[in-house]
Amino acid sequence: MMEPELHFELDGIPISSTTDGKVAVMDAIYAVTESDCPQTLWKRLTADHPEILNYCELHPFQDGKKRWVVGLEGWEKMVILLPEYIFEGC
């Protein structure tokens, strides 16, 4: 049985999370950057800093799709690195 997921909003932007507090990476990147291409930012970030994946895992959500999620420690590392990718654009 699939565990329930939680939803909250940051400035009106919905973010999915797991019951143990991990947030959906694409939702969180979009919420903090409001970039039209969070997938591109994620690909660049993980290409340049593959160690970020050590803090992430694929999680099956109720829609049947597996999405990357990250806990607090990994998110703190990501949020420090994201600004350099935001300014590069899509």
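Which elements are included in what covers the buried residues of helix 3? Helix 1 (25-33), helix 2 (38-48) and strand 5 (66-70) are among them. The legends below describe views of a predicted model.

**Figure 1. Overview of the protein.** The predicted model contains three helices and five strands. Read from the N terminus, the order of the elements is β-β-β-α-α-β-β-α. The protein has 90 residues, and 39% of them count as buried. Among contacts with a separation of 6 or more, 46% are made by residues 24 or more positions apart.

**Figure 2. Helix 3 and its kink.** Helix 3 covers residues 72-86, which is 15 residues. From the first C-alpha to the last, helix 3 reaches 21 Å, close to the 21 Å expected at 1.5 Å a residue. The helix has a kink of about 35 degrees at Ile80, shortly before the proline Pro83. Gly74, Trp75, Met78, Leu81, Leu82 and Tyr85 are the buried residues of helix 3. Their cover includes helix 1, helix 2 and strand 5.

**Figure 3. The buried face of helix 2.** The buried residues here are Pro38, Leu41, Trp42, Leu45 and Thr46. Viewed down the axis of helix 2, these residues fall within an arc of 120 degrees, so they line one face of the helix. An α-helix has 3.6 residues a turn, so residues three or four places apart point the same way. Lys43 and Ala47, on the other side of helix 2, are exposed. The cover over the buried residues of helix 2 includes helix 1, strand 4 (56-60), strand 5 and helix 3.

Figure 4. Trp42 is located in helix 2. Trp42 counts as buried because its relative accessibility is 7%, and the cut-off for buried is under 20%. Leaving aside residues up to four places away in sequence, Trp42 touches Val25, Met26, Ile29, Ile52, Leu53, Cys56, Trp68 and Met78. The C-alpha atoms of Trp42 and Leu82 are separated by 8.8 Å, although these residues are 40 residues apart along the chain.

**Figure 5. The aromatic pair.** The structure holds one aromatic pair. Its members are Trp42 and Trp68, with 6.1 Å centre to centre and 50 degrees between the planes, and the pair is tilted. Distant parts of the chain are linked by this pair: Trp42 belongs to helix 2 and Trp68 to strand 5, 26 residues apart. Which of the two is buried, and which is partly exposed? Trp42 is buried, at 7% relative accessibility, whereas Trp68 is partly exposed, with a relative accessible area of 30%.

**Figure 6. Arg67 and the ring of Phe61.** Arg67 lies over the face of Phe61. The distance from Arg67 to the ring centre is 4.1 Å.

**Figure 7. Glu34 between two helices.** The loop between helix 1 and helix 2 contains Glu34. Glu34 is not a glycine, yet its phi is positive, at about 55 degrees. Most residues other than glycine have a negative phi. Is Glu34 buried or exposed? Glu34 is exposed because its relative accessible area is 51%, and exposed residues are those over 50%.

Definitions and conventions:
Residues numbered from 1 in each chain as written. Predicted model: local features only at pLDDT ≥ 70, side-chain atom pairs only at ≥ 80, totals over all residues. Heavy atoms only, no water. Helix = DSSP H or I, 4+ residues; strand = E, 2+ residues; numbered from the N terminus. Expected span 1.5 Å × (residues − 1). Bend = angle between axes of the 7 residues up to and from the residue. Buried < 20%, exposed > 50% of the residue type's maximum accessible area, 1.4 Å probe, protein only. Contact = heavy atoms within 4.5 Å. Phe/Tyr/Trp six-rings, centres within 6.5 Å; stacked < 30°, edge-to-face > 60°. Lys NZ or Arg CZ within 6 Å of the ring centre and 35° of its normal. Arc of directions from axis to C-beta.
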